[in-house]
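Here is a short briefing to read with the structure at your side.

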Amino acid sequence: MKVIMSLFLSIVGTPAILVSLLALCGLLLQKKKTSDVISGTVKTMIGFLVLTGGAGVLSGALTPFASMFQTALHTQGVVPSNEAVVAIALQHFGTPTALIMAIGMVVNILLARFTRFKYIFLTGQAMLYVSCLTAVILVSAGFGTDFTMILLGGIFEGTLLTVTPALCQPFMRQITGNDSVAMGHTGNIGYASAGLIGKWFGNKEKSTEEVNISKNWSFLRDSTISIMLLMSVVYIGLAIAAGPSYVEHKLSNGTEAFVYAITQAGTFTAGFVIVLQGVRMILAEIVPAFQGIAKKWVPGSKPALDVPIIFPYAPNAVLIGFFTSFIMGTISMFAMIAMHTTVIIPGVVGHFFCGAAAGVYGNATGGRRGAVLGSAFNGLLLSWLPLFILPLLGELKLAASTFADTDYLIPGLALGYIGQAGKLALICGIAAFVLAVVLLSAYLNARDKKAATK
(Lines give C-alpha, C1' and ligand atoms only; values in the text may rest on other atoms or scores of the structure.)
Protein backbone atom coordinates (compact mmCIF):
# COMPACT_ATOMS: atom_id res chain seq x y z
CA MET A 1 0.00 0.00 0.00
CA LYS A 2 2.81 2.38 0.90
CA VAL A 3 4.51 1.69 -2.44
CA ILE A 4 1.29 2.46 -4.33
CA MET A 5 0.77 5.67 -2.33
CA SER A 6 4.35 6.71 -2.97
CA LEU A 7 3.95 6.08 -6.71
CA PHE A 8 0.64 7.95 -6.78
CA LEU A 9 2.13 10.96 -4.97
CA SER A 10 5.09 10.96 -7.33
CA ILE A 11 2.87 10.98 -10.42
CA VAL A 12 0.35 13.60 -9.31
CA GLY A 13 3.13 15.69 -7.78
CA THR A 14 4.93 15.79 -11.14
CA PRO A 15 2.74 17.83 -13.50
CA ALA A 16 4.81 16.93 -16.56
CA ILE A 17 4.06 13.23 -16.14
CA LEU A 18 0.43 13.73 -15.10
CA VAL A 19 -0.41 15.99 -18.03
CA SER A 20 1.56 13.93 -20.56
CA LEU A 21 -0.43 10.85 -19.47
CA LEU A 22 -3.64 12.79 -19.99
CA ALA A 23 -2.39 13.89 -23.41
CA LEU A 24 -1.62 10.24 -24.19
CA CYS A 25 -5.16 9.22 -23.23
CA GLY A 26 -6.63 12.02 -25.32
CA LEU A 27 -4.63 11.11 -28.40
CA LEU A 28 -5.48 7.42 -28.04
CA LEU A 29 -9.18 8.23 -27.67
CA GLN A 30 -8.97 10.20 -30.92
CA LYS A 31 -7.35 7.13 -32.55
CA LYS A 32 -4.39 9.17 -33.76
CA LYS A 33 -1.50 7.54 -35.59
CA THR A 34 1.19 5.99 -33.43
CA SER A 35 3.68 8.64 -34.52
CA ASP A 36 1.27 11.43 -33.54
CA VAL A 37 0.58 9.81 -30.16
CA ILE A 38 4.27 9.51 -29.35
CA SER A 39 5.04 13.02 -30.60
CA GLY A 40 2.17 14.68 -28.75
CA THR A 41 2.86 12.85 -25.49
CA VAL A 42 6.59 13.58 -25.52
CA LYS A 43 6.17 17.23 -26.53
CA THR A 44 3.58 17.76 -23.80
CA MET A 45 5.97 16.41 -21.19
CA ILE A 46 8.90 18.43 -22.53
CA GLY A 47 6.75 21.57 -22.67
CA PHE A 48 5.83 21.21 -19.01
CA LEU A 49 9.44 20.50 -18.05
CA VAL A 50 10.51 23.63 -19.93
CA LEU A 51 7.76 25.60 -18.17
CA THR A 52 8.62 24.31 -14.69
CA GLY A 53 12.31 24.70 -15.41
CA GLY A 54 11.73 28.35 -16.26
CA ALA A 55 9.65 28.81 -13.12
CA GLY A 56 12.51 27.28 -11.13
CA VAL A 57 14.98 29.70 -12.68
CA LEU A 58 12.66 32.59 -11.78
CA SER A 59 12.28 31.35 -8.21
CA GLY A 60 16.03 30.90 -7.88
CA ALA A 61 16.65 34.47 -9.02
CA LEU A 62 14.06 35.74 -6.53
CA THR A 63 15.74 34.04 -3.55
CA PRO A 64 18.60 36.58 -3.28
CA PHE A 65 16.03 39.29 -3.99
CA ALA A 66 14.21 38.29 -0.79
CA SER A 67 17.44 38.05 1.22
CA MET A 68 18.59 41.51 0.17
CA PHE A 69 15.14 42.92 0.87
CA GLN A 70 15.00 41.55 4.42
CA THR A 71 18.58 42.63 5.15
CA ALA A 72 18.01 46.14 3.80
CA LEU A 73 14.91 46.60 5.99
CA HIS A 74 16.23 44.67 9.03
CA THR A 75 12.96 42.77 9.25
CA GLN A 76 12.17 39.21 10.32
CA GLY A 77 8.84 37.46 10.66
CA VAL A 78 6.67 34.89 8.93
CA VAL A 79 7.31 34.36 5.23
CA PRO A 80 4.35 32.69 3.44
CA SER A 81 5.65 29.61 1.66
CA ASN A 82 3.42 26.82 0.41
CA GLU A 83 6.40 24.52 -0.03
CA ALA A 84 7.65 25.00 3.55
CA VAL A 85 4.23 24.41 5.13
CA VAL A 86 3.49 21.35 3.03
CA ALA A 87 6.94 19.87 3.68
CA ILE A 88 6.24 20.00 7.42
CA ALA A 89 2.66 18.78 7.19
CA LEU A 90 3.37 15.83 4.88
CA GLN A 91 5.58 14.28 7.54
CA HIS A 92 2.42 13.69 9.58
CA PHE A 93 -0.33 13.62 6.95
CA GLY A 94 1.26 12.07 3.85
CA THR A 95 -1.19 9.17 3.44
CA PRO A 96 -4.44 11.10 4.07
CA THR A 97 -3.17 13.87 1.78
CA ALA A 98 -2.68 11.36 -1.05
CA LEU A 99 -6.10 9.77 -0.50
CA ILE A 100 -7.84 13.15 -0.32
CA MET A 101 -6.18 14.07 -3.60
CA ALA A 102 -7.31 10.82 -5.26
CA ILE A 103 -10.92 11.33 -4.21
CA GLY A 104 -10.69 15.01 -5.13
CA MET A 105 -9.63 14.16 -8.69
CA VAL A 106 -12.61 11.81 -9.05
CA VAL A 107 -14.99 14.46 -7.67
CA ASN A 108 -13.53 17.04 -10.08
CA ILE A 109 -14.17 14.74 -13.05
CA LEU A 110 -17.71 13.89 -11.89
CA LEU A 111 -18.67 17.53 -11.36
CA ALA A 112 -17.16 18.45 -14.73
CA ARG A 113 -19.16 15.64 -16.32
CA PHE A 114 -22.54 16.38 -14.75
CA THR A 115 -22.52 20.15 -14.15
CA ARG A 116 -21.85 23.16 -16.36
CA PHE A 117 -18.46 23.72 -14.65
CA LYS A 118 -16.46 21.63 -17.12
CA TYR A 119 -12.92 22.27 -15.94
CA ILE A 120 -10.38 19.50 -15.30
CA PHE A 121 -7.75 20.78 -12.87
CA LEU A 122 -4.32 19.63 -14.08
CA THR A 123 -1.79 21.45 -11.89
CA GLY A 124 -0.46 18.56 -9.82
CA GLN A 125 1.45 20.41 -7.12
CA ALA A 126 -1.53 22.69 -6.48
CA MET A 127 -3.79 19.66 -5.99
CA LEU A 128 -1.26 18.23 -3.54
CA TYR A 129 -1.04 21.45 -1.54
CA VAL A 130 -4.83 21.91 -1.36
CA SER A 131 -5.16 18.29 -0.20
CA CYS A 132 -2.56 18.90 2.49
CA LEU A 133 -4.26 22.10 3.70
CA THR A 134 -7.60 20.27 3.84
CA ALA A 135 -6.08 17.46 5.90
CA VAL A 136 -4.51 19.94 8.34
CA ILE A 137 -7.75 21.87 8.84
CA LEU A 138 -9.89 18.75 9.27
CA VAL A 139 -7.53 17.28 11.86
CA SER A 140 -7.49 20.62 13.68
CA ALA A 141 -11.30 20.42 13.77
CA GLY A 142 -11.13 17.09 15.60
CA PHE A 143 -11.33 14.53 12.80
CA GLY A 144 -9.07 11.51 12.88
CA THR A 145 -7.29 10.29 9.76
CA ASP A 146 -10.11 7.87 8.98
CA PHE A 147 -12.37 7.23 6.00
CA THR A 148 -14.86 9.97 6.98
CA MET A 149 -12.15 12.61 7.11
CA ILE A 150 -10.62 11.50 3.80
CA LEU A 151 -14.00 11.38 2.03
CA LEU A 152 -14.98 14.84 3.33
CA GLY A 153 -11.61 16.26 2.36
CA GLY A 154 -11.75 14.79 -1.12
CA ILE A 155 -15.26 16.10 -1.74
CA PHE A 156 -14.24 19.56 -0.57
CA GLU A 157 -11.05 19.64 -2.62
CA GLY A 158 -12.66 18.29 -5.80
CA THR A 159 -15.48 20.83 -5.58
CA LEU A 160 -13.10 23.72 -4.91
CA LEU A 161 -10.84 22.84 -7.84
CA THR A 162 -13.87 22.60 -10.13
CA VAL A 163 -15.33 25.96 -9.15
CA THR A 164 -12.28 28.22 -8.98
CA PRO A 165 -11.39 27.86 -12.69
CA ALA A 166 -15.01 28.78 -13.46
CA LEU A 167 -14.56 32.05 -11.54
CA CYS A 168 -11.68 32.98 -13.83
CA GLN A 169 -13.00 31.75 -17.17
CA PRO A 170 -14.88 34.91 -18.24
CA PHE A 171 -11.60 36.80 -17.84
CA MET A 172 -9.55 34.02 -19.46
CA ARG A 173 -11.64 34.44 -22.60
CA GLN A 174 -10.67 38.11 -22.71
CA ILE A 175 -7.00 37.38 -22.02
CA THR A 176 -6.52 34.56 -24.53
CA GLY A 177 -9.17 35.49 -27.09
CA ASN A 178 -10.66 31.99 -26.99
CA ASP A 179 -12.35 29.49 -24.66
CA SER A 180 -10.02 26.50 -25.03
CA VAL A 181 -7.99 26.69 -21.82
CA ALA A 182 -8.73 27.55 -18.17
CA MET A 183 -6.72 28.73 -15.17
CA GLY A 184 -5.68 25.91 -12.83
CA HIS A 185 -3.85 27.70 -10.04
CA THR A 186 -4.39 28.42 -6.36
CA GLY A 187 -4.65 32.18 -6.79
CA ASN A 188 -7.86 32.03 -8.82
CA ILE A 189 -10.02 33.87 -6.29
CA GLY A 190 -7.50 36.72 -6.29
CA TYR A 191 -7.30 36.74 -10.09
CA ALA A 192 -11.08 36.84 -10.51
CA SER A 193 -11.18 39.69 -7.97
CA ALA A 194 -8.54 41.56 -9.98
CA GLY A 195 -10.59 41.06 -13.14
CA LEU A 196 -13.70 42.45 -11.46
CA ILE A 197 -11.81 45.43 -10.04
CA GLY A 198 -10.40 46.19 -13.48
CA LYS A 199 -13.90 45.97 -14.94
CA TRP A 200 -15.40 48.29 -12.32
CA PHE A 201 -12.66 50.88 -11.94
CA GLY A 202 -10.34 50.57 -14.94
CA ASN A 203 -10.23 51.66 -18.54
CA LYS A 204 -9.90 48.77 -20.96
CA GLU A 205 -8.95 51.09 -23.83
CA LYS A 206 -5.56 51.90 -22.28
CA SER A 207 -3.76 48.56 -22.15
CA THR A 208 -0.42 48.02 -20.47
CA GLU A 209 0.78 46.56 -23.76
CA GLU A 210 0.07 49.72 -25.75
CA VAL A 211 2.34 52.16 -23.96
CA ASN A 212 3.51 54.76 -26.49
CA ILE A 213 7.28 54.53 -26.90
CA SER A 214 9.47 56.88 -28.97
CA LYS A 215 11.29 55.30 -31.91
CA ASN A 216 14.54 55.98 -30.09
CA TRP A 217 13.28 53.69 -27.34
CA SER A 218 11.51 51.19 -29.57
CA PHE A 219 13.85 48.43 -28.36
CA LEU A 220 11.84 48.48 -25.13
CA ARG A 221 8.95 46.90 -27.01
CA ASP A 222 10.96 43.70 -26.85
CA SER A 223 9.80 42.22 -23.54
CA THR A 224 13.13 40.43 -23.04
CA ILE A 225 15.05 43.71 -23.14
CA SER A 226 12.58 45.71 -21.06
CA ILE A 227 12.42 43.04 -18.35
CA MET A 228 16.22 42.80 -18.22
CA LEU A 229 16.68 46.56 -17.88
CA LEU A 230 13.98 46.99 -15.25
CA MET A 231 15.13 44.05 -13.13
CA SER A 232 18.73 45.28 -13.36
CA VAL A 233 17.71 48.57 -11.78
CA VAL A 234 15.79 46.73 -9.04
CA TYR A 235 18.57 44.27 -8.20
CA ILE A 236 21.28 46.94 -8.20
CA GLY A 237 19.15 49.13 -5.92
CA LEU A 238 18.62 46.26 -3.48
CA ALA A 239 22.30 45.34 -3.53
CA ILE A 240 23.21 48.91 -2.61
CA ALA A 241 20.55 49.05 0.12
CA ALA A 242 21.59 45.70 1.63
CA GLY A 243 25.26 46.61 1.38
CA PRO A 244 27.83 45.32 -1.13
CA SER A 245 29.68 43.57 1.71
CA TYR A 246 26.59 41.55 2.65
CA VAL A 247 25.99 40.57 -0.98
CA GLU A 248 29.58 39.49 -1.55
CA HIS A 249 29.97 37.53 1.69
CA LYS A 250 26.47 36.00 2.08
CA LEU A 251 25.06 35.63 -1.42
CA SER A 252 27.54 35.83 -4.26
CA ASN A 253 30.49 33.78 -2.93
CA GLY A 254 32.82 36.70 -3.46
CA THR A 255 31.50 37.94 -6.78
CA GLU A 256 31.41 41.74 -6.88
CA ALA A 257 27.97 42.99 -5.81
CA PHE A 258 27.24 44.99 -8.97
CA VAL A 259 28.18 42.06 -11.23
CA TYR A 260 26.09 39.70 -9.10
CA ALA A 261 23.07 42.00 -9.29
CA ILE A 262 23.30 42.21 -13.09
CA THR A 263 23.71 38.44 -13.33
CA GLN A 264 20.64 37.80 -11.18
CA ALA A 265 18.61 40.23 -13.29
CA GLY A 266 19.73 38.33 -16.38
CA THR A 267 18.86 35.01 -14.72
CA PHE A 268 15.38 36.30 -13.91
CA THR A 269 14.91 37.41 -17.52
CA ALA A 270 16.19 34.08 -18.84
CA GLY A 271 13.69 32.29 -16.62
CA PHE A 272 10.90 34.40 -18.07
CA VAL A 273 11.98 33.56 -21.64
CA ILE A 274 12.08 29.84 -20.79
CA VAL A 275 8.56 30.04 -19.30
CA LEU A 276 7.24 31.63 -22.50
CA GLN A 277 8.74 28.86 -24.63
CA GLY A 278 7.22 26.20 -22.39
CA VAL A 279 3.82 27.86 -22.63
CA ARG A 280 3.98 27.82 -26.43
CA MET A 281 4.83 24.11 -26.48
CA ILE A 282 2.04 23.21 -24.06
CA LEU A 283 -0.63 25.15 -25.91
CA ALA A 284 0.42 23.56 -29.19
CA GLU A 285 0.05 20.02 -27.81
CA ILE A 286 -2.19 19.72 -24.76
CA VAL A 287 -5.27 21.55 -26.07
CA PRO A 288 -5.68 19.41 -29.23
CA ALA A 289 -4.88 16.23 -27.27
CA PHE A 290 -7.36 17.14 -24.55
CA GLN A 291 -10.18 17.16 -27.08
CA GLY A 292 -10.15 13.37 -27.02
CA ILE A 293 -10.81 13.25 -23.28
CA ALA A 294 -13.40 15.98 -23.54
CA LYS A 295 -15.38 14.23 -26.25
CA LYS A 296 -15.23 10.77 -24.67
CA TRP A 297 -15.45 11.32 -20.91
CA VAL A 298 -16.36 14.93 -20.21
CA PRO A 299 -17.89 16.57 -23.29
CA GLY A 300 -17.01 20.23 -23.58
CA SER A 301 -14.43 20.17 -20.79
CA LYS A 302 -11.37 22.41 -20.69
CA PRO A 303 -7.92 21.81 -19.19
CA ALA A 304 -7.13 24.09 -16.25
CA LEU A 305 -3.37 24.77 -16.42
CA ASP A 306 -0.75 26.48 -14.28
CA VAL A 307 -0.47 30.26 -13.94
CA PRO A 308 2.46 31.01 -16.34
CA ILE A 309 0.16 29.99 -19.19
CA ILE A 310 -1.14 33.60 -19.36
CA PHE A 311 2.16 35.49 -19.06
CA PRO A 312 2.86 35.73 -22.83
CA TYR A 313 -0.41 37.59 -23.39
CA ALA A 314 0.61 40.72 -21.44
CA PRO A 315 4.33 40.86 -20.47
CA ASN A 316 4.10 44.49 -19.32
CA ALA A 317 1.16 43.67 -17.05
CA VAL A 318 3.21 40.83 -15.57
CA LEU A 319 5.88 43.26 -14.33
CA ILE A 320 3.36 45.90 -13.24
CA GLY A 321 1.39 43.30 -11.33
CA PHE A 322 4.45 41.88 -9.60
CA PHE A 323 5.82 45.21 -8.40
CA THR A 324 2.44 46.60 -7.37
CA SER A 325 1.56 43.48 -5.39
CA PHE A 326 4.99 43.42 -3.75
CA ILE A 327 4.81 47.10 -2.84
CA MET A 328 1.45 46.53 -1.17
CA GLY A 329 2.97 43.63 0.70
CA THR A 330 5.81 45.87 1.90
CA ILE A 331 3.40 48.60 3.04
CA SER A 332 1.33 45.97 4.86
CA MET A 333 4.47 44.66 6.55
CA PHE A 334 5.27 48.12 7.97
CA ALA A 335 1.65 48.44 9.12
CA MET A 336 1.95 45.15 11.01
CA ILE A 337 5.17 46.34 12.63
CA ALA A 338 3.37 49.51 13.77
CA MET A 339 0.48 47.40 15.11
CA HIS A 340 2.90 45.19 17.11
CA THR A 341 1.38 42.04 15.65
CA THR A 342 2.92 39.08 13.84
CA VAL A 343 4.75 40.42 10.78
CA ILE A 344 4.05 38.81 7.42
CA ILE A 345 7.11 39.44 5.26
CA PRO A 346 6.14 39.65 1.58
CA GLY A 347 7.00 36.39 -0.13
CA VAL A 348 8.65 37.38 -3.39
CA VAL A 349 7.72 34.19 -5.25
CA GLY A 350 4.07 34.43 -4.23
CA HIS A 351 3.84 38.11 -5.11
CA PHE A 352 5.54 37.46 -8.44
CA PHE A 353 3.37 34.64 -9.73
CA CYS A 354 0.08 35.74 -8.14
CA GLY A 355 0.71 39.47 -8.48
CA ALA A 356 1.76 39.10 -12.10
CA ALA A 357 -1.35 37.08 -12.93
CA ALA A 358 -3.57 39.60 -11.14
CA GLY A 359 -1.96 42.30 -13.27
CA VAL A 360 -2.78 40.38 -16.44
CA TYR A 361 -6.39 39.86 -15.34
CA GLY A 362 -6.81 43.49 -14.28
CA ASN A 363 -5.36 44.68 -17.58
CA ALA A 364 -7.70 42.45 -19.60
CA THR A 365 -10.75 44.18 -18.14
CA GLY A 366 -9.42 47.58 -17.09
CA GLY A 367 -6.17 48.36 -18.86
CA ARG A 368 -3.27 49.97 -16.99
CA ARG A 369 -5.46 51.21 -14.15
CA GLY A 370 -7.06 47.79 -13.82
CA ALA A 371 -3.65 46.11 -13.72
CA VAL A 372 -2.48 48.38 -10.89
CA LEU A 373 -5.69 48.26 -8.84
CA GLY A 374 -6.24 44.54 -9.35
CA SER A 375 -2.70 43.56 -8.36
CA ALA A 376 -2.78 46.02 -5.43
CA PHE A 377 -5.86 44.28 -4.06
CA ASN A 378 -4.16 40.94 -4.62
CA GLY A 379 -1.16 42.22 -2.65
CA LEU A 380 -3.40 43.09 0.28
CA LEU A 381 -4.98 39.62 0.23
CA LEU A 382 -1.58 37.92 0.18
CA SER A 383 -0.41 40.10 3.07
CA TRP A 384 -3.30 40.01 5.54
CA LEU A 385 -4.98 36.64 4.96
CA PRO A 386 -1.83 34.71 6.06
CA LEU A 387 -1.96 36.64 9.33
CA PHE A 388 -5.53 35.54 9.95
CA ILE A 389 -4.97 31.87 9.15
CA LEU A 390 -1.95 31.48 11.43
CA PRO A 391 -4.02 30.71 14.59
CA LEU A 392 -5.76 27.88 12.74
CA LEU A 393 -2.41 26.23 11.93
CA GLY A 394 -0.49 27.03 15.10
CA GLU A 395 -1.42 23.86 17.00
CA LEU A 396 0.34 21.84 14.33
CA LYS A 397 3.47 23.97 14.70
CA LEU A 398 3.14 25.45 11.22
CA ALA A 399 3.26 29.03 12.46
CA ALA A 400 6.89 29.51 11.37
CA SER A 401 5.43 29.66 7.87
CA THR A 402 1.99 29.66 6.32
CA PHE A 403 0.11 29.20 3.07
CA ALA A 404 0.57 31.93 0.49
CA ASP A 405 -2.19 31.92 -2.17
CA THR A 406 -5.80 33.03 -1.97
CA ASP A 407 -7.27 29.63 -2.82
CA TYR A 408 -5.54 28.13 0.21
CA LEU A 409 -6.20 31.05 2.52
CA ILE A 410 -9.86 31.89 1.91
CA PRO A 411 -11.20 28.29 1.82
CA GLY A 412 -8.82 27.41 4.67
CA LEU A 413 -10.17 30.23 6.81
CA ALA A 414 -13.76 29.21 6.02
CA LEU A 415 -13.11 25.56 6.91
CA GLY A 416 -11.14 26.48 10.00
CA TYR A 417 -13.73 28.80 11.49
CA ILE A 418 -16.61 26.46 10.70
CA GLY A 419 -14.58 23.64 12.22
CA GLN A 420 -14.37 25.51 15.50
CA ALA A 421 -18.11 24.84 15.87
CA GLY A 422 -17.47 21.10 15.73
CA LYS A 423 -17.44 18.13 13.36
CA LEU A 424 -21.14 18.32 12.52
CA ALA A 425 -20.84 21.96 11.52
CA LEU A 426 -17.95 21.11 9.21
CA ILE A 427 -19.82 18.21 7.61
CA CYS A 428 -22.83 20.45 7.03
CA GLY A 429 -20.62 23.23 5.69
CA ILE A 430 -18.93 20.99 3.10
CA ALA A 431 -22.30 19.48 2.11
CA ALA A 432 -23.75 22.97 1.69
CA PHE A 433 -20.79 23.97 -0.48
CA VAL A 434 -21.29 21.03 -2.85
CA LEU A 435 -25.06 21.53 -2.93
CA ALA A 436 -24.65 25.23 -3.71
CA VAL A 437 -22.40 24.38 -6.68
CA VAL A 438 -24.87 21.81 -8.05
CA LEU A 439 -27.87 24.14 -7.59
CA LEU A 440 -26.01 27.06 -9.16
CA SER A 441 -25.18 24.90 -12.16
CA ALA A 442 -28.83 23.85 -12.52
CA TYR A 443 -30.02 27.45 -12.22
CA LEU A 444 -27.56 28.74 -14.83
CA ASN A 445 -28.42 25.90 -17.22
CA ALA A 446 -32.14 26.64 -16.84
CA ARG A 447 -31.54 30.35 -17.38
CA ASP A 448 -29.52 29.73 -20.53
CA LYS A 449 -32.11 27.30 -21.87
CA LYS A 450 -34.87 29.81 -21.26
CA ALA A 451 -32.91 32.58 -22.95
CA ALA A 452 -32.26 30.34 -25.97
CA THR A 453 -35.97 29.67 -26.47
CA LYS A 454 -36.88 33.35 -26.64
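**The sheet**

Phe-121 stands opposite Ala-304, a residue of strand β3. Please keep in mind that this is a predicted model. With that said, let's begin with the strands around this pair and then turn to the nonpolar residues.

- Strand β3 covers residues 302–305 and pairs with β1 in the parallel sense, over three bridges.
- The open sheet has three strands, with parallel pairing, in the order β1-β3-β2.
- β1 (119–121) and β2 (182–183) are at the edges with a single partner strand each, so one side of each has no neighbour in the sheet.

**The nonpolar cores**

- The largest nonpolar core is made up of 75 residues. Those with the most contacts inside this core are Tyr-235, Ile-310, Phe-311, Phe-352 and Tyr-361.
- Which helix gives the most to this core? That is helix α12, spanning residues 348–393, with 14 residues.
- Leaving aside residues up to four places away in sequence, Ile-310 touches Met-172, Ile-175 and Met-183, as well as Ala-357, Val-360 and Tyr-361.
- Another core, of 42 residues, lies apart from the largest one. Among its members are Phe-93, Tyr-119, Met-127 and Ala-141.

- Ile-38, Val-42, Ile-46 and Leu-49 make a nonpolar surface patch of about 340 Å².

Key:
Residues numbered from 1 in each chain as written. Predicted model: local features only at pLDDT ≥ 70, side-chain atom pairs only at ≥ 80, totals over all residues. Heavy atoms only, no water. Core = buried A, V, L, I, M, F, W, Y, C linked by side-chain atoms within 4.5 Å. Buried < 20%, exposed > 50% of the residue type's maximum accessible area, 1.4 Å probe, protein only. Helix = DSSP H or I, 4+ residues; strand = E, 2+ residues; numbered from the N terminus. Contact = heavy atoms within 4.5 Å. Patch = residues over 30% accessible without salt bridge, like charges linked within 9 Å, V, L, I, M, F, W, Y side chains within 5 Å. Areas by Shrake-Rupley, 256 points an atom, 1.4 Å probe, with all protein chains shown as cover. Salt bridge = Lys/Arg side-chain N within 4 Å of Asp/Glu carboxyl O. Pairing = 2+ DSSP bridges.
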